[in-house]
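Have a look at the model first.

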Amino acid sequence: MSSIVSYWSLNFARNSTATLQGGRRLYSRCASSRNKSKGRLFSWAPTTLKNNAPYGGFALSKAYRHTSTEEDDFHLQLSPEQVNEVLRAGESAHKILDLISGVPNSVLRFESNQLAANSPVEDRRGVASCLQTNGLMFGIFDGHGGHACAQAVSERLFYYVAVSLMSPQTLEQMEGAMESMKPTLPILQWLKHPGNSIYKDVTSVHLDHLRVYWQELLALHMEMGLNIKEALTHSFQRLDSDISLEIQAPLEDEMSRNLSLQVAFSGATACIAHVDGVHLNVANAGDCRAILGVQEDNGMWSCLPLTCDHNAWNPAELSRLKKEHPESEDRTVIVDDRLLGVLMPSRAFGDVQLKWSKELQRSVLGRGFDTEALNIYQFTPPHYYTPPYLTAEPEVTYHRLRPQDKFLVLASDGLWDVLGNEDVVRLVVEHLTEAGRHKPDLAQRPANLGLMQSLLLQRKAQGLHAADQNAATRLIRHAIGSNEYGEMEQERLAAMLTLPEDLARMYRDDITVTVVYFNSDSIDAYYKGG
C-alpha cells in the first residue's frame, strides 16, 4: 500500500494480462501487492457487484467500482463528485441523547464508514445499547476467508456480552419468560446494525444457545454476576465455542448446515468497546485496533493505544504461542510471519481448521457437504501437530475516561496498514478543527433565509461543500489517497477507487472505521458528582 498507484502502474497491470479464449483480457497477478493478505489458506473469487449489494456492499448509478476488465470498458477517471459519492456511500452517524441518572451520556455521538476492497465486503461493524444494563457497545469485525464468520459474530457477540452483564434476577426473568412462552425482555437497541442478516433461518438455534449460556450463568449462583472483564472474555470464548459446536451437532435443515459450516471455516477478528459512564473497556482478538485521542491541558494532542495487535510482530503474543506448544514446534508455529505459515492474526473467531484435530475435520467434512460450492477449502498446514493453534480469547483493557479524552477510534487493519496511530489522531483533530471553523456563528447574527443563502454561496465559492462531514470518511480518504509523504493526491485517490474487483484487493484491504466522540462536560460531571 505504500507504493503509489498511478496511471502508469494500472496501465502496466493491464498490459501484463493474458489473452483468453474469446478475446477477454483479465488482469494477471504479476502486480506486486504491499497489502498484507490475512490468509493464504483462503482463496477469493471476485463476484459481480449487484445493484442491491448485500452485506454492507453499495450500489451507485453514477459512480462505481469496475467489475469489468475489458480494455474498452476500463475508464480510470472519476470526477470529484463521483469520488465523494463512492467514499460516502457507507457513512453512518448518530447523536446520543440518553440521560443516565439525570446526567448526559458520556458518549456524545459517533461517526462511521466503510469502503470495500473484497466483493462482497468482509468487514462488519455494529453499535448497540444494552437495555437491561447500562452501557453502549461499539464493534469492528474483520472477516477473512469470506464474510460468513464476521457477519455471524457481528450479529451475536453483543447479545452474549449483554447477557453476561445481567444480574441473576434479570436472567431469572428471562428464563421465566421463555419457560412460560412469553416475550422476553429486550436485550439490545441497535444504533448501527451489522447489515442484512443471512441467518434468519437459524436464529432460533442461536437463541437456544444464548439461552443455554444464561442458564449456565444462573447455575453459577453468583450474587452480583460477572464483572465487565469476565463478561467480555467469557462472551468471546463462549460464542466461538458455540460456532464450533453448531456445525458438529446434527442439523436437519440443509441451509442451516451450510451456513454453520461457512461460519466455522471462515474467520473474523473482533474489537469491541463497552462504554458505561466514565468506564471504558475494550476487548480485542486479532489485528483490529482501538486508540484514544487525548487533548492535554496545554492544548497538545496525543494518542493512547488501547489494544495490541495479535500477530507475529507482537513479542508477547509470539511468546504465548510458543509456551502453548512443545518446544519442538518453536520454529514452525510461526512461518513467514504467519500462524503455521497461513494466517496473519493469531487470535480470531472461527477458523476451525486451525483449532480442530485432523480427525474431527475429516468427520465433519465427510457428512456430504458440497465443499467446493460452499468455498470450503480442505487444507491442513504443515507441522499441524498440537491443535488448537488459534484462540478467540480477547485481551481486555480498562480505561477510566477523563475530560481530556476526546474521542475513540476503532478500525479494521485496512486502516492501520497504511496510517499510524498518530496520523489517525491528527486527521480526526484536523476534521474537528475544520468543522468548527466552517460552522457559522448564528448566535451573533439573526438567522434568516438571506443570511443562510449567503453562507451557502460563500461555502460553494470556497469549495467547502466538498469537505467531509464524517471523520471516518476523512480517514478512509487519506488512507487510500495519500502518498508516501502524507500528501493527498486526487489522481491516486480516483485511481484507487476505480480498481477492478480482481485487482483492488492487491492494493488495499476492506476499511471500516468508527469514531466515538466523548462528552467532556458529562465526564467532568461524573467526577464532580462524587
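Helices here are DSSP runs of H or I with at least four residues, numbered from the N terminus. This is a predicted model, so local features need pLDDT of at least 70 and side-chain atom pairs pLDDT 80 or more, while totals for chains, interfaces and linings use all residues. Numbering starts from 1 along each chain as its sequence is written, and side-chain values use heavy atoms, with hydrogens and water left out.

**Start of α6**
- Asparagine 227 caps the N-terminal end of α6, with a side-chain oxygen 3.2 Å from the backbone nitrogen of lysine 229.

**α4 and α5**
- The axes (lines fitted to C-alpha atoms over the stretch in contact, with angles from 0 to 180 degrees between N-to-C directions) of α4 (residues 168–179) and α5 (residues 203–219) come within 10 Å and cross at roughly 135 degrees.
- In α4, Pro168, Leu171, Glu172, Met174, Glu175, Met178 and Glu179 meet α5 residues Leu207, Arg211, Trp214, Gln215, Leu217 and Leu218 (contact means heavy atoms within 4.5 Å).
- That contact's residues split into eight nonpolar, one polar and four charged.

**α2 and α13**
- α2 (residues 80–88) and α13 (residues 471–481) have axes that come within 10 Å and cross at roughly 115 degrees.
- Val83, Asn84, Leu87 and Arg88 of α2 meet Thr473, Ile476, Arg477 and Ile480 of α13.
- Here the residues divide into four nonpolar, two polar and two charged.

Notes. Helices (H or I, at least four residues) and strands (E, at least two) are DSSP runs, numbered from the N terminus. Ala, Val, Leu, Ile, Met, Phe, Trp, Tyr, Cys and Pro count as nonpolar, Asp, Glu, Lys and Arg as charged, and the others, Gly among them, as polar. A polar contact is a pair of N or O atoms within 3.5 Å; within protein, one must be able to donate a hydrogen and the other to accept it, and residues adjacent in sequence count only if both atoms are side-chain atoms.
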